[in-house]
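Subject: Structure for your review

Dear colleague,

Please find below the sequence and structure that I am handing over to you. I would be grateful if you could read the notes that follow with the structure open beside them.

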Amino acid sequence: MLSYRIKRKKRKEKETYFFNGTCGDRGDLKKFWKPCFVEDEIENTCSDPSDPCYGKSGKQFKLIRLDGVKPFDISLKFNVVVEIPEFLSEEECDHIISLAMEIGLQTSTSGYFTYDGDLDEELAIADSDWTLAPEYTFAGNYSLWDVNGDGLIDAQEVKAFAGKHKQLYLDDEEVQEMTQRLQISNELSDGRITEEFFNKLNINKIMRYMEFLKDKSPRHRFRFSQQAWLRQDKAADPVLRRLHERVIRLTKLPRKIVQGGEPMQVLRYKKFGHYHGHLDSTIKDPTVPCCHQNHLSAPDCRVCRFITILYYLNNVEEGGETAFLIADNTTTTPDEIENSKSATNEFNLSINCHSANLVLLPKKGTAVMWYNNFIDPESGLLGEVDRSTYHGGCDVIKGEKWIANNWLTAPTKYSKHIKSMFDTGFD
């Protein structure tokens, strides 16, 4: 199916039509505003005007946020999240997983951060220089470790220190491994550290070890999963093209918005797999360009994901819940949980999963949809980030979890004239 853009003399804006290229001369061509499917192929014959694909789509639009979605069977969770059972069939779930496995999965990262690193190199640097960095000077204070003041630091107090000061939550086995790796286990008195021995320790080395675990180790880093990206454009798998049409019906958004969304992200979480609390859109000055419109590769851009649709692709044996930290919470504000000095560290869903205000169990075929941004009242386009949508994936305790994400990007009033980099159309 060929796509043409026609500029009519009586109108200033351009209109988009999908023309069939097999129906004779241009004057006889039929106009389609969405692709028509016959089984797994796009319809390639002329259509009657009564056909549901006949019509036109103008470029002027405004975003909408829905309270409920018909004809889908939905459950509205507070004022933030829509849960839709059986949005995908079991066969569709399995097929999406197979597509991801076919192209191969890579380690998931957050932004530009990577998990590359060598612990031995970090420790060697610490061995050559015992000087504590300014941000670590507090760690040389013995009383901060000896919580009960009995003159000895035990494993529980090491865990307490790591949790309070580094937001690193160790178990007994990890504390034992740390003392062995730092070659201090043989010097301990009944597994405890006296103040005299503490004063002889390379505290810089201990802090570097903890920092490495928190940032790099699969169990403790901010995100632990594998991912693959599946295109949903004109060259996409038929199942994904059909899903695109279902998403348009679900969201009631203009076709160009859905068409300009990011490729589908498929994720696999193995044991201990998780993704701590985060937002899907980034909070930056509204004049900073949206990443999906960053054609000139500006060094700074912001993620402008109006809607997230998360699909559960399998049933998880244990764990793997999706947690919304403060959904509809009237007592906790985003400012409070964003406080980096918070002792509870509510973003860490490995320990605070069930402290979240809304926790959803993964169920194969279910879709979960939410809006990451408000609508700008002046333009009807993308507005401020809705900070009540902090969410994440809790630890997988047993088995593995497969999910997929559709992120529907949208322009702001500053960028409504710029086409999405992901919009290659269905023609």
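**Overall picture**

Please bear in mind that this is a predicted model. The protein has 427 residues, of which 49% count as buried. Its secondary structure comes to eleven helices and 25 strands. Among contacts with a separation of 6 or more, 75% are between residues 24 or more positions apart. The protein exposes about 21700 Å², and carbon and sulfur atoms supply 49% of that area.

**Nonpolar cores**

In soluble globular proteins, nonpolar side chains tend to be buried together. Here the largest nonpolar core has 40 residues. Met264, Val266, Ile309, Tyr311 and Leu313 have the most contacts inside this core. Leaving out residues up to four places away in sequence, Tyr311 touches a set of residues that includes Phe87, Leu88, Leu243, Val247, Met264, Trp402 and Ile403. A second, separate core of 27 residues includes Leu119, Tyr136, Ile193 and Tyr209.

**Helix α8**

Helix α8 covers residues 238-251. Its 14 residues reach 20 Å from the first C-alpha to the last, close to the 20 Å expected at 1.5 Å a residue. Ten of the 14 residues are buried, so α8 is largely enclosed by the rest of the structure. The buried residues include Leu240, Leu243, Val247, Ile248 and Leu250, and also the charged residues Arg241, Glu245 and Arg246. Two of the buried residues of α8, Leu243 and Val247, are among those that Tyr311 touches. At the start of the helix, a side-chain oxygen of Asp237 comes to within 2.9 Å of the backbone nitrogen of Val239. Just after the helix, Lys252 takes a positive phi of about 60°.

Helix α4 has twelve residues and reaches 16 Å from its first C-alpha to its last, close to the 16 Å expected at 1.5 Å a residue. Its buried residues are Glu157, Val158, Lys159, Phe161, Ala162, Gly163 and Lys166. They pack against α3 (142-145), β10 (152-153), α5 and α7 (203-216). At the start of α4, a side-chain oxygen of Asp154 reaches to within 3.2 Å of the backbone nitrogen of Gln156. Gln167 follows α4 and has a positive phi, near 50°.

One of the buried residues of α4, Lys159, meets the side chain of Asp172 in a salt bridge (2.8 Å, N to O). Lys159 lies in α4 (residues 155-166) and Asp172 in α5 (residues 172-181), so the pair ties together parts that are 13 residues apart in sequence. Lys159 counts as buried, at 17% relative accessibility, whereas Asp172 counts as partly exposed, at 43%.

**Other salt bridges**

Side chains of opposite charge can pair when their charged atoms come close. A search of the whole structure finds 18 salt bridges, and two others deserve a description here.

Lys256 and Asp423 meet through their side chains in a salt bridge (2.7 Å, N to O). This pair links distant parts of the chain, 167 residues apart: Lys256 is in helix α9 (residues 255-259) and Asp423 is in the segment after β25 (401-409). Lys256 is partly exposed, with a relative accessible area of 29%, while Asp423 counts as buried at 6%.

Arg387 forms a salt bridge with Asp335, with the closest N and O atoms 2.6 Å apart. Arg387 is in the loop between β22 (382-385) and β23 (391-393) and Asp335 is in helix α10 (residues 334-337), so that distant parts of the chain, 52 residues apart, are linked. Arg387 counts as partly exposed at 25% relative accessibility, and Asp335 is exposed at 53%. Salt bridges that share partners join Asp335, Glu338 and Arg387 into one network.

**A buried loop residue**

Gln293 is placed in the loop between β15 (274-278) and β16 (305-312). Gln293 counts as buried, at 6% relative accessibility. Its side chain is joined to that of Ser415 by a polar contact of 2.7 Å. Leaving aside neighbours within four places in sequence, Gln293 is in contact with Pro411, Ser415, Ile418, Lys419 and Met421.

With kind regards

Note on methods:
Residues numbered from 1 in each chain as written. Predicted model: local features only at pLDDT ≥ 70, side-chain atom pairs only at ≥ 80, totals over all residues. Heavy atoms only, no water. Salt bridge = Lys/Arg side-chain N within 4 Å of Asp/Glu carboxyl O. Helix = DSSP H or I, 4+ residues; strand = E, 2+ residues; numbered from the N terminus. Buried < 20%, exposed > 50% of the residue type's maximum accessible area, 1.4 Å probe, protein only. Contact = heavy atoms within 4.5 Å. Areas by Shrake-Rupley, 256 points an atom, 1.4 Å probe, with all protein chains shown as cover. Core = buried A, V, L, I, M, F, W, Y, C linked by side-chain atoms within 4.5 Å. Expected span 1.5 Å × (residues − 1). Polar contact = N/O pair within 3.5 Å; in protein donor to acceptor, adjacent residues only side chain to side chain.
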